Amino acid sequence: MLLRSFAIAITCAGMAHADVKDARFADPTTRYGHAILGDDIEYGTLEIDVSPRITGIANEAVLKHETRIFKLPLNHVFEDIAPRLWDVTGDGKPEVVVIETDVRQGAQLAIYNDKRKIAETPHIGRTNRWLAPIGAADMDGDGYIEIAYIDRPHLAKTLRVWRFKNGMLKPVADKAGLTNHRIGERDIAGGIRDCGDGPEMITASADWVYIIATRFDGETLASRRVGQHYSRTDFDKALKCN
């Protein structure tokens, strides 16, 4: 598509923009048979759509859409539902957050930008061990983004919070007794809400009886019951502050 520039001339050098716009998994595979999400199909490739790159000569430019392809080695899979577009760096623009699994070492949380994997948590440590993301936000108001997930939601049932700072993920808090997924479910429950007084992580209690809201104050995690759990509708109500 040709674009005519009337206000600003575009030079031969062009202009480059590569903000993440969308992402998806590709190359379904059965090379890892954990089937925690209800079937044994995982994914071998992450595709990230980025903002158009503009090239051309003065007053005439070509808008070129681009997709970045990240293909995993055969001993890794994306053991996930869909990529998440979360702002992890705090610059107001999204990165891509995924569950990436080593077939021998289990799952990790991985963060990609348009060029590479920029950060990752350690793999859990053994095969058939998984984690379920909750969300990302500046939970304690310090200017840095925290990322939360449930480590082994069917076994350890432990909330883990990591802070992204100086290009790295650092663990900052853990709390046992919480979960957000049951074996075979095709989605992950809960998320992060802000009802006007700061972010709260919404999960279930380990026994799936209650909906739990958890805050992080920079040092510790504090949880409280905000309702009973009967179905996914109860998570939706909690996330909407009802």
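Cys241 is partly exposed in this predicted model, with a relative accessible area of 36%, and Cys195 likewise counts as partly exposed, at 36% relative accessibility. A disulfide joins Cys195 to Cys241, and a search of the whole structure finds one disulfide.

**The disulfide**

- The sulfur atoms of Cys195 and Cys241 lie 2.0 Å from each other, and because the torsion about their S-S bond is about -95°, the disulfide is left-handed.
- Cys195 belongs to the loop between strand E15 (191–194) and E16, while Cys241 belongs to the segment after helix H1 (232–239), so the pair ties together parts of the chain that are 46 residues apart in sequence.
- In general terms, a disulfide is a covalent bond between the sulfur atoms of two cysteines.

**The largest nonpolar core**

- The largest nonpolar core holds 20 residues, and those that touch the most other members are Val88, Ile111, Trp130, Ile147, Phe164 and Leu169.
- At least two residues of this core come from each of strand E7 (95–102), strand E8 (106–112), strand E9 (117–120), strand E10 (131–137), strand E11 (145–151) and strand E12 (158–165), and E8 gives the most, with three residues.
- Leaving out residues up to four places away in sequence, Val88 touches Glu95, Val97, Ile111, Ile145, Ile147 and Phe164, and of these Ile111, Ile147 and Phe164 are also named with Val88 among the core residues that touch the most other members.
- Trp130 is placed in the loop between E9 and E10, and it counts as buried because its relative accessibility is 2%, which falls under the 20% limit.
- A polar atom of the Trp130 side chain lies 3.0 Å from the backbone oxygen of Glu79, and the C-alpha atom of Trp130 is separated by 5.2 Å from that of Arg152, although the two residues are 22 residues apart along the chain.

**Aromatic rings**

- The structure contains five aromatic pairs, and one of them is formed by Phe25 and Tyr43, which are stacked with 5.5 Å from centre to centre and 15° between the planes.
- That pair links distant parts of the chain, with Phe25 in strand E2 (residues 20–29) and Tyr43 in strand E3 (residues 42–57), 18 residues apart.
- Phe25 counts as buried at 12% relative accessibility, whereas Tyr43 counts as partly exposed at 23%.
- Phe25 also pairs with Phe78, and because the ring centres are 5.1 Å apart and the planes are at 25°, this pair is stacked.
- Since Phe25 lies in strand E2 and Phe78 in strand E5 (residues 76–78), this second pair ties together parts that are 53 residues apart in sequence.
- Phe78 has a relative accessibility of 0% and counts as buried.
- Taken as a group, Phe25, Tyr43, Phe70, Phe78 and Tyr112 are linked into a cluster by ring pairs.

**Charges over rings**

- The charged end of Arg182 sits over the ring of Trp208, at 4.2 Å from the ring centre.
- The charged end of Arg225 sits over the ring of Tyr210, at 3.8 Å from the ring centre.

**His76 and its surroundings**

- His76 lies in strand E5, the strand that also holds Phe78, and His76 is buried, with a relative accessible area of 12%.

**Met201**

- Met201 is found in strand E16 (residues 199–205), and at 1% relative accessibility it counts as buried.
- The C-alpha atoms of Met201 and Ile212 are separated by 7.9 Å, and the two residues are 11 residues apart along the chain.

Conventions: Residues are numbered from 1 along each chain as its sequence is written. This is a predicted model: local features need pLDDT of at least 70, side-chain atom pairs count only at pLDDT 80 or more; totals for chains, interfaces and linings use all residues. Side-chain values use heavy atoms; hydrogens and water are left out. Helices (H or I, at least four residues) and strands (E, at least two) are DSSP runs, numbered from the N terminus. Buried means under 20% relative accessible area, exposed over 50%, partly exposed in between (1.4 Å probe, protein chains only). Rings of Phe, Tyr and Trp (its six-membered ring) pair if their centres lie within 6.5 Å; planes under 30 degrees apart count as stacked, over 60 as edge-to-face and the rest as tilted. A charge sits over a ring if NZ of Lys or CZ of Arg is within 6 Å of the ring centre and within 35 degrees of the ring normal. A disulfide is a pair of cysteine sulfur atoms within 2.5 Å. A nonpolar core is a set of buried Ala, Val, Leu, Ile, Met, Phe, Trp, Tyr and Cys residues joined through side-chain atoms within 4.5 Å. Contact means heavy atoms within 4.5 Å. A polar contact is a pair of N or O atoms within 3.5 Å; within protein, one must be able to donate a hydrogen and the other to accept it, and residues adjacent in sequence count only if both atoms are side-chain atoms.
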